[in-house]
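Please look over the model below before reading on. The numbered points that follow are meant to be checked against it.

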Amino acid sequence: MKEMKAKDPKASQMVFNKRVYYLIRTLEMARDWKLSDIKPFMSPELYTKIKQNNEYDDYYVVDLTFKKIIPTGYHVKDQIQIIDFDIVYDQLLMNPKKKIKQSKQKRHYALYKSVNALTKVNASAQAIVCPNCGANINRITEGVCSYCNASIDVADFDWVFYDAPIEMTK
Ligand SMILES: [Zn+2]
């Protein structure tokens, strides 16, 4: 956190945690339904790897309860900041017959963003505004603004996935 603050003075643990919870919830739900929902929020290489290994399973994520984030590394390379961490969460799964599975998970993820992407005070964990037309582009598809078609790299604004578990065993 200290190293992160040196690059980004308004960074806070609370804002970062909110972003982490939002991203992980979105990813883990997208694996069961529509993986492309998470596409703008990860590196293209990671998306390809997850897509190739994403196997449909009867059980889907109903809820995740986050317990703990354990940072394991922070570094800057080629104008991007990368943060590695383990996260502990309780996972609630259900199948179409309403059978429930519950388990505690500890998993490794990494996020990255541009060194120029600074935390804004009062910004919500989700909101990103198009630099071209000013529209709220939370729902970007295929890396373009759905209003004006400007191409957008979310990592220029906020944290996105650099690494995540490729194959999920539920
Ligand atoms: Zn736009």
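How many bridges join strand 2 to strand 3?

1. The count is 15 bridges between strand 2 and strand 3, and the two strands run antiparallel. This is a predicted model, in which local features need pLDDT of at least 70 and side-chain atom pairs count only at pLDDT 80 or more, whereas totals for chains, interfaces and linings use all residues. Residues are numbered from 1 along each chain as its sequence is written.

2. Overall, the secondary structure of the protein chain comes to three helices and four strands, where helices (H or I, at least four residues) and strands (E, at least two) are DSSP runs numbered from the N terminus. From the N terminus on, the elements follow the order α-α-α-β-β-β-β. The radius of gyration, taken over C-alpha atoms, is 16 Å, close to the 15 Å that the globule rule gives for 170 residues, so the chain is as compact as a globular protein of that length; the rule itself is 2.2 Å times the number of residues to the power 0.38. Along its principal axes the C-alpha trace spans about 45 × 40 × 30 Å.

3. The four strands form an open sheet in the order 1-2-3-4, with antiparallel pairing; two strands are said to pair if DSSP finds at least two bridges between them. Strand 1 and strand 4 stand at the edges, each with a single partner strand, so one side of each is left without a neighbour in the sheet. Neighbouring strands are turned by 40 degrees against each other on average, direction ignored, with axes being lines fitted to C-alpha atoms (for helices over the stretch in contact) and angles running from 0 to 180 degrees between N-to-C directions.

4. Within the sheet, strand 1 (60-77) is joined to strand 2 by 15 bridges, and in this pairing I70 has D86 of strand 2 as its bridge partner, while H75 stands opposite I82 in strand 2. Strand 3 and strand 4 run antiparallel and are joined by three bridges, and here L111 is partnered by F161 of strand 4.

5. Strand 1 and strand 2 form a hairpin with two residues between them, and D78 in its turn has a positive phi of about 45 degrees although it is not a glycine. D78 counts as exposed, with 6 C-beta neighbours inside 10 Å; a residue is exposed if 12 or fewer other C-beta atoms lie within 10 Å of its own, buried if 20 or more do, and partly exposed in between, with C-beta atoms placed from the backbone. The hairpin of strand 2 and strand 3 has five residues between the strands; K98, in that loop, takes a positive phi near 65 degrees, again in a residue other than glycine, and K98 is exposed, with 6 other C-beta atoms within 10 Å.

6. Helix 2 (13-30) lies across strand 1, strand 2, strand 3 and strand 4, running at about 125 degrees to strand 1. At 1.5 Å a residue, its 18 residues should span 26 Å, and its end C-alpha atoms are 25 Å apart, which agrees; the expected span is 1.5 Å times one less than the number of residues. V15, F16, R19, L23, I24, L27 and E28 of helix 2 are buried, and what covers the buried residues of this helix includes strand 1, strand 2, strand 3 and strand 4.

7. Which residues touch the most other members of the largest nonpolar core? They are F41, L111, V154, V160 and F161, in a core of 25 residues; such a core is a set of buried Ala, Val, Leu, Ile, Met, Phe, Trp, Tyr and Cys residues joined through C-beta atoms within 7 Å. Helix 2, helix 3 (44-53), strand 2 (80-94), strand 3 (100-114) and strand 4 (160-163) each supply at least two residues of this core. Leaving aside its neighbours within four places in sequence, V160 is in contact (C-beta atoms, placed from the backbone, within 7 Å) with F41, M42, L111, Y112, K113, V154 and A155.

8. Lastly, I128 sits in the loop between strand 3 and strand 4, and I128 is buried, with 20 other C-beta atoms within 10 Å. The C-alpha atoms of I128 and F157, 29 residues apart along the chain, are separated by 7.1 Å.

Definitions and conventions
Two residues are in contact if their C-beta atoms, placed from the backbone, lie within 7 Å.
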